[in-house]
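Here is a short briefing on a protein model. Keep the structure open while you read.

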Amino acid sequence: MKLVVLGAGESGIGAALLGKAKGWTVFVSDFGQIDSETQNVLTKNEIEWEMGGHTDARLLEADLVVKSPGIPEKAAPIQLLRKQGISVISEIEFASRYTDQTVVAITGSNGKTTTTSLTHFLLKEGGLNVAMGGNIGNSFAGLLLDQPASHFVLEVSSFQLDDIEQFKPHIAVITNITPDHLDRYGYSFEAYRDAKFKISQNQTEADYLIYDGDDPNIAAGMKDHTIRAKKLPFSLERPLEEGAYIDDKNIIITIANNQINMPIASLGLQGQHNLKNAMAAATVATLLDIRKETIRQSLTHFQGVEHRLESVLKINNVKYINDSKATNVNATYYALESMETPTVWIVGGVDKGNDYSELLPLINEKVKAVICLGIDNSKLIDSFGNVVDLLVETTSMQDAVNVAYHIAERGDTVLLSPACASFDLFKNYEDRGRQFKEAVRSL
């Protein structure tokens, strides 16, 4: 059986190596360039590959195609394969066919990385043999090759969910749904929302769906989709018979006759959005029978993830915060909302159909200067040029940080929270965040 893998990134290489291990004849095709290290891995494992384009004849030999989540449905190779009736699936779908272990899958517009990392931390501290990956870290396929885990905690994006067929997590989490990646979905929010709900499409009554019970977009999605899994909402606004809610500054989680409570003040991560992330992760841990005291202690000790409201340094009494993971407007909203001092805001990148209007009240209240960091800053200038006294354009992270250094005064905060994708100037949001930290440390 012939497996073609489109894209030689983390997920593609994971799928290729897993396919090889499971007896497939594997061919990897990348429209761009494949780095030398990856070339060596493929060659060492006797996997054929090509780069700089796709050979149609080789693609059409496939019995099955695994595609990179970055390749859109409208791409010519995908259209060709669909026309010929060749099955095209995502790497998480492919990997899921080779394990019967417990899968926890977490999606959402914001908070999914923190919730995934926190869930992994809780389960690991609780003594489970647990591996974490998916849209962060190692691919699901790579985890199956490298780690004989009993539980997998996966961050999954809408792009990965687009091409599932049988993928069925035992526990699914939807942290929230706000407009994001609309350029990929024909500028249809409903199409993007529907992609998120695919996380639950194969679940049965024996499975669980944990979700934000305060999110109107999730509520609307619930009406449009058949949910067979047991629903466990979390809420900051109302008490719940089952699920997680707030009562007198305590988190209360109730599942069947099992209840856990802990004071909000003891959480290692503060802020309303992190409170919801903690509720979601703790609900997963409760379902998987982690001891109450272990959950309480772990929530207290967890300190967050890199590139998400990450404190870098304080220089001349100015705080520098790396929030490079904020790749959409809603994530940046949370970041600006959490600022307690006058803020010099670094923003910009690849716009994904963003509507910046919801940020304007926070900018009026908290932002003293805007530093645009991107190749095309026209939309940012149109949105914020008349809102702040100072707006500066830059085209490199070093320039952006240097400008911020000269603008910021004692007691201010310099916040990198781009609200955009990173691919105009950086490899990814991690590269953007690390360049920010390097530039700050070199001041």
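The points below cover aromatic rings, charges over rings, and a strand with its neighbours. Keep in mind that this model is predicted. The structure holds 9 aromatic pairs. One of them is formed by Phe159 and Tyr185.

**The Phe159–Tyr185 pair**
- The rings of Phe159 and Tyr185 are tilted, with 40 degrees between the planes.
- Their centres lie 6.2 Å apart.
- Phe159 sits in helix H8, residues 158-162.
- Tyr185 sits in the loop between strand S9 (171-174) and helix H9 (189-197).
- The pair therefore ties together parts that are 26 residues apart in sequence.
- Are Phe159 and Tyr185 buried or exposed? Both are buried.
- Ring pairs also bring in Phe189 and Tyr192, so that these residues form a cluster with Phe159 and Tyr185.

**Charges over rings**
- Arg184 lies over the face of Phe159, at 3.8 Å from the ring centre.
- Over the face of Tyr429 lies Lys325, at 5.1 Å from the ring centre.

**Strand S7 and its surroundings**
- Strand S7 spans residues 130-134.
- Of its 5 residues, 4 are buried, so S7 is largely enclosed by the rest of the structure.
- Which strand do 5 bridges join to S7? That strand is S8, residues 151-155, and the two run parallel.
- Gly133 has Leu154 in S8 as its bridge partner.
- Helix H7 covers residues 140-146.
- Together, S7, H7 and S8 make a right-handed β-α-β unit.

Terms used: Residues are numbered from 1 along each chain as its sequence is written. This is a predicted model: local features need pLDDT of at least 70, side-chain atom pairs count only at pLDDT 80 or more; totals for chains, interfaces and linings use all residues. Side-chain values use heavy atoms; hydrogens and water are left out. Rings of Phe, Tyr and Trp (its six-membered ring) pair if their centres lie within 6.5 Å; planes under 30 degrees apart count as stacked, over 60 as edge-to-face and the rest as tilted. Buried means under 20% relative accessible area, exposed over 50%, partly exposed in between (1.4 Å probe, protein chains only). A charge sits over a ring if NZ of Lys or CZ of Arg is within 6 Å of the ring centre and within 35 degrees of the ring normal. Two strands pair if DSSP finds at least two bridges between them. A crossover is right-handed if, with the strands pointing away from the viewer, the path from the first strand over the helix to the second runs clockwise.
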